[in-house]
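This report describes a single chain for a reader who has not seen it before. The sequence and the structure come first.

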Amino acid sequence: MTAGKLYQQLQQQQQVQQSMCSLKGSLLTLAILTLISFTYLSFNSLHSSPPPSISVSSASLLPATETTTKTVVVQAGDGENDEISDLYHSPRVFKLNYEEMEQNFKIYIYPDGDPNTFYQTPRKLTGKYASEGYFFQNIRESRFRTLDPDQAHLFFIPISCHKMRGKGTSYENMTVIVENYVESLIAKYPYWNRTLGADHFFVTCHDVGVRATEGVPFLIKNAIRVVCSPSYDVGFIPHKDVALPQVLQPFALPAGGNDVENRTTLGFWAGHRNSRIRVILARVWENDTELDISNNRINRATGHLVYQKRFYGTKFCICPGGSQVNSARIADSIHYGCIPVILSNYYDLPFNDILDWHKFSVILKEQDVYQLKQILKDIPDNQFVSLHKNLIKVQKHFQWNSPPIKNDAFHMVMYDLWLRRHVIKY
């Protein structure tokens with residue numbers, strides 16, 4: 001090999017080595033820059049604020065017991081933050097849907113029927129069927145009413161079975177009156193036939209009002225029945241029909257709450273034995289020293305408002321079904337701050353698709369009546385306090401007002417109807 005060729009080979013090797021060093025240097029530089037970038041981004045993210053629209057309290061990061069409540073903060077459109085509890089199944093969805101309902105929901109009330117007989121107006125706003133009367137009045141006082149049926153999401157059939165009962169109408173005649181009235185609306189207006197009644201609703205709190213619809217099969221099958229006696233086993237159709245809370249207003253005494261230290265009685269019930277579960281409850285626990293159980297209503301002669309005052313001093317108020325699954329005692333318990341113990345099978349509780357009843361009540365099967373005292377005694381003090389605090393938060397949902405106010409019983413019923421508004425109209 002000549003000296004010239006050897007020299008050329010040495011130059012080529014040096015150039016390759018220089019290129020390799022240059023490549024290694026570039027890769028090293030790139031790696032250093034990448035490391036610096038990631039370090040900067042990580043440092044910056046640790047010091048940045050969370051998104052402003054939704055935040056969850058630190059409590060939500062902890063394991064939740066059955067009665068632990070979390071708070072979700074949702075930024076409203078006006079820039080104000082409203083805290084809503086997970087007493088609702090879907091707190092954020094409830095808030096957003098509720099706002100949309102307030103702005104857009106429209107109800108058309110059929111104008112037919114003489115208000116002096118069974119139509120349009122409530123019989124009264126007092127007594128154990130007051131919920132029906134309040135709804136009839138509130139719907140006219142609210143922003144939801146429209147006089148234009150083409151704007152309506154739903155149609156209200158304004159016939160009152162409570163007024164019929166007040167005028168002494170028999171069940172048989174009540175059925176005929178409801179049938180004739182609905183058939184007259186079907187003949188006069190086009191709206192029923194577009195959906196066979198699926199976008200219509202009917203409100204009744206008296207239990208015979210449910211039976212009064214039996215003469216119109218599509219009223220049972222398709223229309224929404226808003227009723228106080230929503231039992232799964234007597235014709236109530238869950239997810240279509242709506243449970244109306246039975247509220248005996250006006251309340252005799254102010255609302256209770258934030259007074260757990262005064263509640264020394266374990267459990268309380270007094271009432272008529274007009275159902276099997278009430279008979280068993282009275283027979284098993286009437287003479288117990290820790291449960292205050294009376295097999296009849298408390299005589300007014302014993303003192304002024306003795307029955308109502310018992311709620312204030314009791315931890316758990318027993319709410320067995322009567323002739324139907326429902327009882328105004330549930331709303332009484334909530335109002336007076338006494339944890340309701342639901343002792344009624346197949347009861348679709350009011351607003352059950354909105355509120356998580358396990359967070360503010362005790363729900364038992366009727367067969368649990370024999371172990372009732374031990375079940376209540378086994379509830380830890382901290383769980384009782386949590387149930388009580390949650391109960392205070394839902395009191396507003398079981399109160400009727402005239403005119404209606406935000407989040408009261410009327411608006412909760414309207415929200416349940418809003419959830420059922422989607423219907424194909426032909």
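## Basis and confidence

This is a predicted model, in which local features need pLDDT of at least 70, side-chain atom pairs count only at pLDDT 80 or more, and totals for chains, interfaces and linings use all residues. Residues are numbered from 1 along each chain as its sequence is written, and side-chain values use heavy atoms, with hydrogens and water left out.

The predictor's confidence in each residue is given as pLDDT, from 0 to 100. The chain averages a pLDDT of 82, and 79% of the residues score at least 70. Over residues 3-7 pLDDT stays under 50, and the model has 1 contact (heavy atoms within 4.5 Å) beyond four places in sequence for them. Residues 72-81 also stay under 50, but for this stretch the model has 27 contacts beyond four places in sequence.

## Disulfides

A disulfide is a pair of cysteine sulfur atoms within 2.5 Å. The search of the whole structure finds 2 disulfides. With the bonded cysteines numbered in sequence order, the pairing is 1-2, 3-4.

Cys 205 lies in the loop between strand 7 (200-204) and helix 7 (207-211), and Cys 228 in the loop between strand 8 (224-227) and strand 9 (242-243), so the link ties together parts that are 23 residues apart in sequence. Helices (H or I, at least four residues) and strands (E, at least two) are DSSP runs, numbered from the N terminus. The torsion about the S-S bond of Cys 205 and Cys 228 is about -95°, so this disulfide is left-handed.

Cys 205 is buried at 2% relative accessibility, and Cys 228 is buried at 1%.

Cys 317 is joined to Cys 338 by a disulfide, with an S to S distance of 2.1 Å. Cys 317 belongs to strand 12 (residues 314-320) and Cys 338 to the loop between helix 11 (329-335) and strand 13 (339-343), so the pair ties together parts that are 21 residues apart in sequence. The link of Cys 317 and Cys 338 is right-handed, with 105° about the S-S bond. Both Cys 317 and Cys 338 are buried.

Cys 319 is in no disulfide, and the nearest cysteine sulfur, that of Cys 317, is 6.6 Å away. Cys 319 is buried, at 2% relative accessibility. Cys 161 is buried too, with a relative accessible area of 0%.

## Salt bridges

Side chains of opposite charge can pair when their charged atoms come close. A salt bridge is a side-chain nitrogen of Lys or Arg within 4 Å of a carboxyl oxygen of Asp or Glu. The search of the whole structure finds 13 salt bridges; the table lists some of them.

| Salt bridge | N to O distance |
|---|---|
| Lys 188 and Asp 112 | 2.9 Å |
| Glu 290 and Lys 373 | 3.2 Å |
| Asp 292 and Arg 310 | 2.8 Å |

In the salt bridge of Lys 188 and Asp 112, Lys 188 lies in helix 5 (residues 171-188) and Asp 112 in the loop between strand 4 (107-109) and helix 3 (130-141), so the pair ties together parts that are 76 residues apart in sequence. Lys 188 is exposed at 54% relative accessibility, whereas Asp 112 is buried at 16%.

In the salt bridge of Glu 290 and Lys 373, Glu 290 lies in the loop between helix 9 (276-285) and strand 11 (291-294) and Lys 373 in helix 12 (residues 372-377), so the pair ties together parts that are 83 residues apart in sequence. Glu 290 is partly exposed, with a relative accessible area of 32%, while Lys 373 is buried at 18%.

Asp 292 and Arg 310 meet in a salt bridge that links distant parts of the chain, with Asp 292 in strand 11 and Arg 310 in helix 10 (residues 306-312), 18 residues apart. Asp 292 is partly exposed at 23% relative accessibility, and Arg 310 is partly exposed at 31%. Salt bridges that share partners also join Asp 288, Glu 290, Lys 373 and Lys 377 into one network.

## A covered helix

Helix 14 (residues 409-418) is mostly covered, with 10 of its 10 residues buried. Among them are Phe 410, Tyr 415, Asp 416 and Trp 418.

Conventions: Buried < 20%, exposed > 50% of the residue type's maximum accessible area, 1.4 Å probe, protein only.
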